[in-house]
Amino acid sequence: MDFALILVIATAVSGLIWAFDAAILKPRRTHTAGQGDPAREPVVVEYARSFFPILLLVLVLRSFLFEPFRIPSASMMPTLLEGDFIFVNKFAYGLRLPVVNTKILDIGEPERGDVLVFRLPSDPRINYIKRVVGLPGDVITYDAGNKQLSINGEAVELELLGPYEGSRSLQLGREQLGDREHELLHTRGILSRGGTYQVPEGHYFMMGDHRDNSQDSRFNEVRFVPEYRLVGKAERIWMNWRWPGDGGPMWGRIGMGIR
């Protein structure tokens with residue numbers, strides 16, 4: 001279901017009904033109504049007049065400013081947890097028209113280390129969230145055995161911090177991507193996908209922070225993400241809710257910025 005398309009159609013239909021009534025039908029009702037009898041507004045026009053401003057506001061906010069997303073998996077741990085609800089900045093990389101996704105204003109470009117939402121190249125109906133590792137023209141190498149990332153022949157600085165929350169299998173690390181420092185997870189005993197990748201112009205190489213539990217640009221289903229598939233930059237967690245039986249909300253995560 002394309003919610004953006006449904007929202008555009010609903011806004012357009014309600015706006016057209018309201019405008020048509022105001023320009024043509026309402027004057028006719030007023031003219032034909034008997035003296036002292038108010039011109040009665042049809043129910044469909046009343047609903048259109050009530051909902052159009054709300055739909056238009058939601059459309060503008062969602063298309064050009066911020067859009068909410070829910071994190072459905074553990075691929076971005078420890079930065080983002082399953083059950084986090086986040087706001088995505090839709091204008092960080094330029095303004096795009098809803099549905100057709102055509103850029104109408106170029107504002108900025110992704111930087112190495114940004115966490116962003118993009119449409120899966122192999123199925124644009126699906127949204128993914130990962131971290132930008134490779135920029136256009138970069139050569140990315142990931143040594144799965146040593147769990148070492150290299151960019152353009154230079155090893156990325158990695159500091160191992162110890163077990164993650166007492167886990168025997170998860171190892172917490174801290175990585176430096178350009179000017180951005182972030183935490184990541186490695187899983188002992190698991191050999192994830194590795195290799196060397198040349199990033200084409202106009203594309204980006206994305207990786208999850210949970211390196212051994214992330215389907216990202218190392219896999220053919222994702223590979224290199226074209227610029228026109230970018231949705232926006234993840235900015236802040238506005239809610240965390242784990243379903244009943246999983247402990248409920250994690251209140252301390254509400255309001256956290258995403259680094």
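This is a predicted model: local features need pLDDT of at least 70, side-chain atom pairs count only at pLDDT 80 or more; totals for chains, interfaces and linings use all residues.

**Notes on salt bridges, a pocket and a surface patch**

1. Arg218 and Asp216 form a salt bridge in which the closest N and O atoms are 2.9 Å apart. Both Arg218 and Asp216 are buried.

2. Side chains of opposite charge can pair when their charged atoms come close. In the structure as a whole there are 18 salt bridges.

3. A second example is the salt bridge between the side chains of Arg96 and Glu227, with an N to O distance of 2.6 Å. This pair links distant parts of the chain, for Arg96 lies in strand E3 and Glu227 in the loop between E15 and E16, 131 residues apart. Is Arg96 buried or exposed? Arg96 counts as buried because its relative accessibility is 11%, and the cut-off for buried is under 20%. Glu227, at 23% relative accessibility, counts as partly exposed.

4. Arg96, Lys103, Asp106 and Glu227 are linked in a network of salt bridges.

5. A further salt bridge joins the side chains of Asp114 and Lys233, at 3.9 Å from N to O. Here too the pair links distant parts of the chain: Asp114 is in the loop between E4 and strand E5 (115–119), whereas Lys233 is in strand E16, and 119 residues separate them. Asp114 has a relative accessibility of 3% and therefore counts as buried. Lys233, at 23%, counts as partly exposed.

6. Asp209 is to be found in the loop between strand E14 (203–207) and strand E15 (225–226). Its relative accessibility is 0%, so Asp209 counts as buried. Asp209 and Lys147 are 62 residues apart along the chain, and 12 Å separates their C-alpha atoms.

7. The next topic is the largest pocket, which holds about 640 Å³ of space. Which elements give two or more residues to its lining? They are H1, helix H2 (43–65), strand E1 (66–70), E3 and strand E16 (230–240). E16 provides the largest share, with three residues.

8. The lining of the largest pocket comprises 26 residues, and Asp2, Ala4, Arg62, Arg119 and Asn127 are those that lie nearest the centre of the pocket. Sorted by class, the lining has 13 nonpolar, five polar and eight charged residues.

9. H1 gives the most, with three residues.

10. Where does Val100 lie? Val100 is placed in the loop between strand E3 (95–96) and E4. With a relative accessible area of 55%, Val100 is exposed, because that term applies over 50%.

Note on methods: Residues are numbered from 1 along each chain as its sequence is written. Side-chain values use heavy atoms; hydrogens and water are left out. Helices (H or I, at least four residues) and strands (E, at least two) are DSSP runs, numbered from the N terminus. Buried means under 20% relative accessible area, exposed over 50%, partly exposed in between (1.4 Å probe, protein chains only). On a 1 Å grid over the protein atoms alone, a cavity is a set of points where a 1.4 Å probe fits but cannot get out, and a pocket is an open set with protein on both sides within 12 Å along at least five of seven lines; lining residues have an atom within 4 Å of a point. Grid points are joined across faces, edges and corners, and a volume is the space filled by probe spheres set on the points. Ala, Val, Leu, Ile, Met, Phe, Trp, Tyr, Cys and Pro count as nonpolar, Asp, Glu, Lys and Arg as charged, and the others, Gly among them, as polar. A salt bridge is a side-chain nitrogen of Lys or Arg within 4 Å of a carboxyl oxygen of Asp or Glu.
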